[in-house]
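Subject: Structure handover

Hi,

Here is the structure I promised to pass on. Have a look at it first, and then read on for what turned up.

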Amino acid sequence: YQRRVRALTEEGLTLHCVLSAEDGLFSQEQTINMSESMRPALAACHSLSVINSKISGDPIDLIGQKTSGFTFKDTDLDSSLFKRQITAENVDPKGSIHLGLIKTIPFESRLKRMTVVCETDAGEVVVYCKGAPEQLVLHCDQDSIPADFSAKLDHFSNQGYRMMG
């Protein structure tokens, strides 16, 4: 166990796959490609900061932010795009999505999740949450949970993957 943890932290983490759900079941396709609606969540739901011009923070947050394709900055913010005071900004270079970070509720081991509150450049307030799937599912509309949720979670967990919802 210690050797595997050390290998993960020394060599970095990679995103193995993203599973989408449709018609009440997870897709069989394991892909890195993700829906456009997931990219802003990965871009914004983290506790990263910029130190000496380099984005720093938790390895899981770093890989999620990198995979999103968004740029992140916490200085020289374009506050004119937002109605509320922001502390960081995520910009999608592929389009016109700008997310301003309003509030971060940091990861708490007791809750096994973290949450961020953001404002879009259209003035919409959005909330993104990530954490342990078995905990997040408790806060979801149960009709939206894929029927094979537990089986997929068990499958990947038994293979040693770190799961995030």
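Two strands count as paired if DSSP finds at least two bridges between them. Strands (E, at least two residues) and helices (H or I, at least four) are DSSP runs, numbered from the N terminus. Before the details, please keep in mind that this is a predicted model, in which local features need pLDDT of at least 70, side-chain atom pairs count only at pLDDT 80 or more, and totals for chains, interfaces and linings use all residues. Residues are numbered from 1 along each chain as its sequence is written, and side-chain values use heavy atoms, with hydrogens and water left out.

The sheet

Five strands make up an open sheet, in the order S5-S6-S7-S8-S9, with antiparallel pairing. Strand S5 (71-73) and S9 are the edge strands; each has a single partner, so one side of each is left without a neighbour in the sheet. From one strand to the next the twist averages 30° (axes are lines fitted to C-alpha atoms, and angles run from 0 to 180 degrees between N-to-C directions).

Going through the pairs, S5 is joined to strand S6 (residues 88-91) by three bridges, and Thr 71 has Val 91 as its bridge partner in S6. Val 91 is in turn partnered by His 98 in S7. S6 and S7 share four bridges and are linked by a hairpin through six residues. Between S7 and S8 there are seven bridges, again antiparallel, with Leu 101 partnered by Cys 118 of S8. The hairpin here has four residues between the strands, and Lys 112 in the turn has a positive phi of about 60°.

The cores

A nonpolar core here is a set of buried Ala, Val, Leu, Ile, Met, Phe, Trp, Tyr and Cys residues joined through side-chain atoms within 4.5 Å. Buried means under 20% relative accessible area, exposed over 50%, and partly exposed in between (1.4 Å probe, protein chains only). The largest core has 14 residues, of which Ala 44, Leu 99, Val 116, Cys 118 and Tyr 128 touch the most other members. Helix H2 (38-44) and strands S7 (98-108), S8 (113-120) and S9 (125-131) each give two or more residues to this core, and S8 supplies the largest share, three residues. Apart from this core lies another, of seven residues, including Cys 17, Leu 19, Val 137 and Leu 153.

Leu 99 is worth a click: leaving out residues up to four places away in sequence, its contacts (heavy atoms within 4.5 Å) include Pro 40, Ala 44, Phe 70, Cys 118, Tyr 128 and Glu 89.

A buried glutamate

That Glu 89 lies in strand S6 and is buried, with a relative accessible area of 2%. A polar atom of the Glu 89 side chain lies 3.1 Å from the backbone nitrogen of Asp 78. (A polar contact is a pair of N or O atoms within 3.5 Å; within protein, one must be able to donate a hydrogen and the other to accept it, and residues adjacent in sequence count only if both atoms are side-chain atoms.) Beyond neighbours within four places in sequence, Glu 89 also touches Thr 71, Leu 77, Phe 82 and His 98, among others.

One aromatic pair

A search of the whole structure gives one aromatic pair: Phe 156 and Tyr 161, edge-to-face, 5.8 Å centre to centre with 70° between the planes. (Rings of Phe, Tyr and Trp, its six-membered ring, pair if their centres lie within 6.5 Å; planes under 30 degrees apart count as stacked, over 60 as edge-to-face and the rest as tilted.) Phe 156 is buried at 4% relative accessible area, whereas Tyr 161 is partly exposed at 32%.

Best wishes
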